[in-house]
Amino acid sequence: MRHMFGGTTSDYAMEQVGNQLLLRPGVSGTVWDAVTGGTQLTDLTDTSGLPITVVVAASDGSVAFYGPDDVTTVYVDFGLGRRYAMVASDIAAIVSARVAGVAAAAADDASAKAAMAEASAISAAAGSAAALYLPNAITTVDSIISVATPVAPVYFAHRGGGMVRPEHTLVAYRAAAAMRYPLEISVNVDASGQLWCLHDPTVDRTTDRTGNLNGYTTEEVGQQIQTNSRSLLGAGWAEQRLVPLRQVLDEFLGKVPILLEPKANDAVVPCQQLLDASYPHAPRSVIWKCHIGTLSLPWAKARGYRTWVYLDSGTSDATMDAKDADVDYWGVNTTFTDTRISQVVARGKPVFAWAVYRRSQVARLTGLGVVGIMASDPRYVSTSAPMRTASRWDLQIKEPGCTPTIDYDPDYALQFAPSPDVGWVSIPAVPFQSVGLGTYCPVAAGAGGYRLSFDMKFKVLPGTSTLHSGIYFGKQSDDPYRFSQSNATGGYHLVMRANGQMQLNKHTAGVTSGTTMGSAIATTAPTADGVMSFQVDVTPTTVEVRRTDGTGWTTGALADTTYRGGYFGLSNGSITDVATRPYWRNLVVTQL
């Protein structure tokens, strides 16, 4: 019987130039029965069974043909200075033993000849056995996606976990990979042709430089460009160098699956060439990520890559139908409506959603049938327990589960005060803005409930005495809370006004205004930069708020059991001038 040669992701016509293997599409080759000399084999057929006497590499460089009856090893000469050994690809059970014999025979034969012939023969044998010599994927794409369900989704580290670590940096990738999260990686290309892990075509948003990445040389990027992540993640972070894609693939390929996307058009071909030439096993553990408008899907599918294609909110079903045959997984944004996400899920292919940074988003998406969660804070959203009970804001490092109204935006992120106010935090956005403190949530209450203790101050007093701020608590979910807005879940809101009036409000889901519980408590009016201290006690049957930097300032234990959820956060309340926003420090959660 005839055996199949080639047809796998490792079988391409390539020429070794220096230390690189370059594809040679369209090149013709003769087939022989020996490394050197021997007899040419002409009794061949193409993959459809038509007789041929020579083999021709396809337009992408791939090689596939059937040899003579019962022949399992051949040597192909593309006129590139050596013959390449090929072992029949349809007898996988004996490939390893046969390749070892071929390599040994080639080495023995070469040892009796000139040094140049020796190197050529060994290189040919090794090149043909690339599938055995190159690193194999330990963790494959299929091993994680095939078992993903809405009940047990797969979590990807979006930009390496860009809401808790500098995005697309080695420190981010290493932290995510250490926790076994697959990596989502975007790349762009510099002026020298080097691919760097970077989401935007420009370096403006995420680094200390400006302009297009392709306006910088490799040396300039490597030596002169660093991240500017402190405005988003805190001054405690050391700024990071950008990292080349090749370094990331060398370190992580096969260890965790990688979702890879060349972002700008000029990065697509260099990315494809790098994968073809240096990482022939990449399809086992790399998902080719692209927009619905891409032209790169045929290239990816021809090489065996799984593909994740993300949509726009207005993408039509007809557009999806046209690409469906080349798509393995669909991508939806968290901003899509429930109806649209359900429609995409109903097409029957796994659906991944981006970018997720709240547990409440996970609940919504998986409830709609999504099985892949592309998370900018993967550890937080993939777990359901608090990580700590006391703040360390003096370290000036953003905590997991710190959820502003808008993600990836320094204007809404929790801000760490500089000296002399180290340890204090604030929200630099108004009006009605808040930040959830998910790292402490859901609160682990004791038999008697729990207590929240904290300090608060106004560095600059609000111009209107009735303006207020405080904290919200008791929410069942980490969905956003905004004062005077309609919120998805209800809870309580401690209000501290600039005139010293303290009160406890109750907010019902879907209702914009709150209801005051008990009566407002008159306390000493805050002073500029003056520290106020508070305690909130939540028992199984009551809620009580105290200001503890004075005497007798308490609402008393108010009988109410409406909200016993474990999520809370900081609120700018009704403050309208960012200069008069509140600051908080020394948060402690205590079981009662």
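Residues 153–386 are 34% helix and 19% strand, with the end C-alpha atoms 20 Å apart; helices (H or I, at least four residues) and strands (E, at least two) are DSSP runs numbered from the N terminus. UniProt, in an unreviewed entry, places the feature "domain: GP-PDE" at these residues; its positions follow the numbering used here, feature names are shortened, and annotations may be inferred rather than shown by experiment. This is a predicted model, in which local features need pLDDT of at least 70 and side-chain atom pairs count only at pLDDT 80 or more, whereas totals for chains, interfaces and linings use all residues. Residues are numbered from 1 along each chain as its sequence is written, and side-chain values use heavy atoms, leaving out hydrogens and water.

**Whole protein**
- The protein contains 15 helices and 34 strands, and its C-alpha atoms fill a box of roughly 105 × 50 × 40 Å along the principal axes.
- Of the 592 residues, 52% are buried (under 20% relative accessible area, 1.4 Å probe, protein chains only).
- Among contacts (heavy atoms within 4.5 Å) with a separation of 6 or more, 63% join residues 24 or more positions apart.

**Helix 8**
- Leu245, Val248, Leu249 and Phe252 are the buried residues of helix 8 (residues 245–252).
- They lie on the same side of helix 8 because they cover an arc of only 95° around the axis, taken from the directions from the helix axis to the C-beta atoms.
- These buried residues pack against helix 5 (170–178), strand 13 (183–189), strand 14 (195–197), strand 15 (258–262) and helix 9 (265–278).
- Gly254, with a positive phi near 90°, follows helix 8.

Definitions and conventions. Buried means under 20% relative accessible area, exposed over 50%, partly exposed in between (1.4 Å probe, protein chains only).
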